Amino acid sequence: MSEWLESAIARGQENQDWLAPKRAQALDVLANTQWPTRKTEAWRYTPLRAVERSSAKALDRESGLTPVAIPNVSAIELVFVNGQFDVLQSAKTLPTGLTVQLGQDLSAEQQAEALRSFSNIKPERHLFGLVNDALAKDVLLVTVAEGIKIAEPLRISSLLSTGAESHTRVLVRLEKGAQLAVIEDVQSQGDSLSTAFVEYDVAADASLEHYRFALQTGSNLTIGGSHFQLSDKSKMHSTIVGFGSELSRLDTDIIHAGEFADAKLNAMYLLDGKELFDLHATVEHAMPNGTTEENVRGIVADRARAVFNGRIHIHRDAQKTLAELNNRNLLMSNKAEINTKPELEIYADDVRCAHGATIAEIDKQALYYLETRGISKSKAQVMLNFGFINELIDLMPNEALAEWVRPIIRERFAQMEVK
Amino acid sequence: MSNLLTIKDLHASVEEKNIIKGLNLEVKPGEVHAIMGPNGAGKSTMGYVLSGRDGYSVESGSVTLDGADLLDMETEERARAGLFLAFQYPVEIPGVSNLEFLKAAVDAQREARGEEAVTSAEFLKEAKAACKQVNLPVSFLKRGVNEGFSGGEKKRNELMQMLLLKPKLCILDETDSGLDIDALQVVAEGVNSQRSAERSFIVVTHYQRLLDYIKPDFVHVLSDGKIVKSGDASLAHELEAQGYAWLQTEPAEDELEG
């Protein structure tokens, strides 16, 4: 076991708040968990040395950190600073039908209820999910009441100052027929370590629009998860944008726990320098007639490394499932690396399931041709290769959000060098 | 009159193999020079070296364009300085429309010269006129760059770019290859329409045929990486009659192309 994990367990044991029963379970599992090595399948390409070496520590909530402004998006803001909920920066009035509560503010009865939802959707196998169970303190509970449609997106920002360690946890519940858009966003100043996990319980006929931005680069260690449970005829549409950092790891789980549920997941990553980005996306089709469409696309430059593991598990009873998984990558240099692994496990006999993964290199001949016409190399590479990323940006349901992130992504790509 | 292009004792290699071995050439504004020679003489390599293609390294010598050190510039800077290379095998680029490509090239060059950008509407008008001049249907502006174009259409597309970019020095790399006589005439007429006192051409060709339509001021024979004979337009006819056997050099391996 690593010193870092030992210290995390010790810190988890100190905390005796309302979450103690769940925390004890997590600590039990953690105490019996091997610290991952290269032989641990889930961490095979993502070494955790950076976590072991990290000197990030719990810091007080620092004033002056504010969520980055997104033009033309008026979101309902929920803000964590260094892992602590920041009431002052968070929305004071909420639209009818939307409730946001801190776990410690609930009645004993409500807490007992909340405990039943905590770690109910997030699978136990995620090591840092367990760490988050043990160390998260300000747990937020977000509920959209039955049939209510919330027009403005809810934005959950986790802000970290330099050297901070933070563990944030949010439980989102959409009751029957409810609609909500959620933006998850971690912003770190450097040398930070964060785990940010959100569980989504999407009831029958409800519809969730989801965005997760992991745009912090450099020496930030960013680990997180978004875990979705879908019910009868519920819908979700998720967009993930990841830039790499010293360690950036995201686990997503989409669980079809009802029939006729529909899930779309579009993820894109753009990595430069020595960055690492690791996306493990799992889809569980436990019930019949579900559909899943997953598009994961990335550009990897310099000595950066991308890891994508896409698992689709179609259970015996999940007949008439339609599932597609596609992963496309562009390598900008011969030292860049992509480890991609689509995994299909199909136990039902009447399903349609397709997967594919491709890795392309930049077309130097086309690049040269454009340059001979006076077009700069950076502009040329955007013209030639931004299309397949742009297609996913075009699919973002929130146009204002797409227009905000598009130039950020394009600029990052334009700065990458062909080697 | 000062030279537009001056190449002095240029030595260049590809993958550590010397291809250009002491090339000297002077081109004055408005002149048309033809460079002829057998396969493997270094004709295409010369164009790639002058345009600054990756993998083509200059070992020694100098090249100036309008007095500026061409070898010191990036490929796109050379283009902005007025160099245009019409390719023997233009690249197909699916996913980038011809119009987007042409506009990006013109914008980049105008910006580099400190000129105002043209509006999309204005540019479309110019591009349509250029299409017409090289006998390409206007619908080609919407298609991917060279995507699915025939050999002749690709060459005409190269010519269209030249019309829009208005370079000072055009290098036409075997522009006649793969063209039937009608296409050849269209291309030649396009080139001739662009001849002016300010614009020079280097016409690289294996055959004399193109030079019946584009009359050169000078003809040079390139062999084994250097110019071994120069003369006026009549030299091309001599070569046509004699072939290249008199050079008495073993044709080297095929030139690296494309």
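**View 1. Confidence along chain B of this predicted model.** Chain B averages a pLDDT of 91, with 96% of its residues at 70 or more; pLDDT is the predictor's confidence in each residue, from 0 to 100. Helices (H or I, at least four residues) and strands (E, at least two) are DSSP runs, numbered from the N terminus. Two residues are in contact here if their C-beta atoms, placed from the backbone, lie within 7 Å.

A word on bookkeeping: residues are numbered from 1 along each chain as its sequence is written, with chains lettered from A and ligands numbered from 1 in written order. As this is a predicted model, local features need pLDDT of at least 70 and side-chain atom pairs count only at pLDDT 80 or more, while totals for chains, interfaces and linings use all residues.

**View 2. Where chain B meets chain A.** The model scores ipTM 0.93 and pTM 0.87. Chain B puts 19 residues into the contact and chain A 16 residues. On the chain B side, the elements giving two or more residues are helix H2 (75-80), strand S7 (93-97), helix H3 (98-112) and helix H5 (151-165). H3(B) supplies the largest share, five residues. By type, that side of chain B splits into 10 nonpolar, five polar and four charged; Ala, Val, Leu, Ile, Met, Phe, Trp, Tyr, Cys and Pro count as nonpolar, Asp, Glu, Lys and Arg as charged, and the others, Gly among them, as polar.

**View 3. The open sheet of chain B.** Six strands line up as S6-S9-S10-S3-S11-S12 (chain B), with mixed pairing; strands pair if DSSP finds at least two bridges between them. S6 and strand S12 (226-231) of chain B sit at the edges with a single partner strand each, so one side of each has no neighbour in the sheet.

**View 4. Zooming in on S9 and S10 of chain B.** Strand S9 (residues 169-173) and strand S10 (residues 200-205) of chain B run parallel, paired over five bridges. Look for Ile171(B), which stands opposite Ile202(B) in S10(B).

**View 5. The fold of chain A.** Chain A holds nine helices and 19 strands. Its C-alpha trace spans about 70 × 50 × 45 Å along the principal axes.
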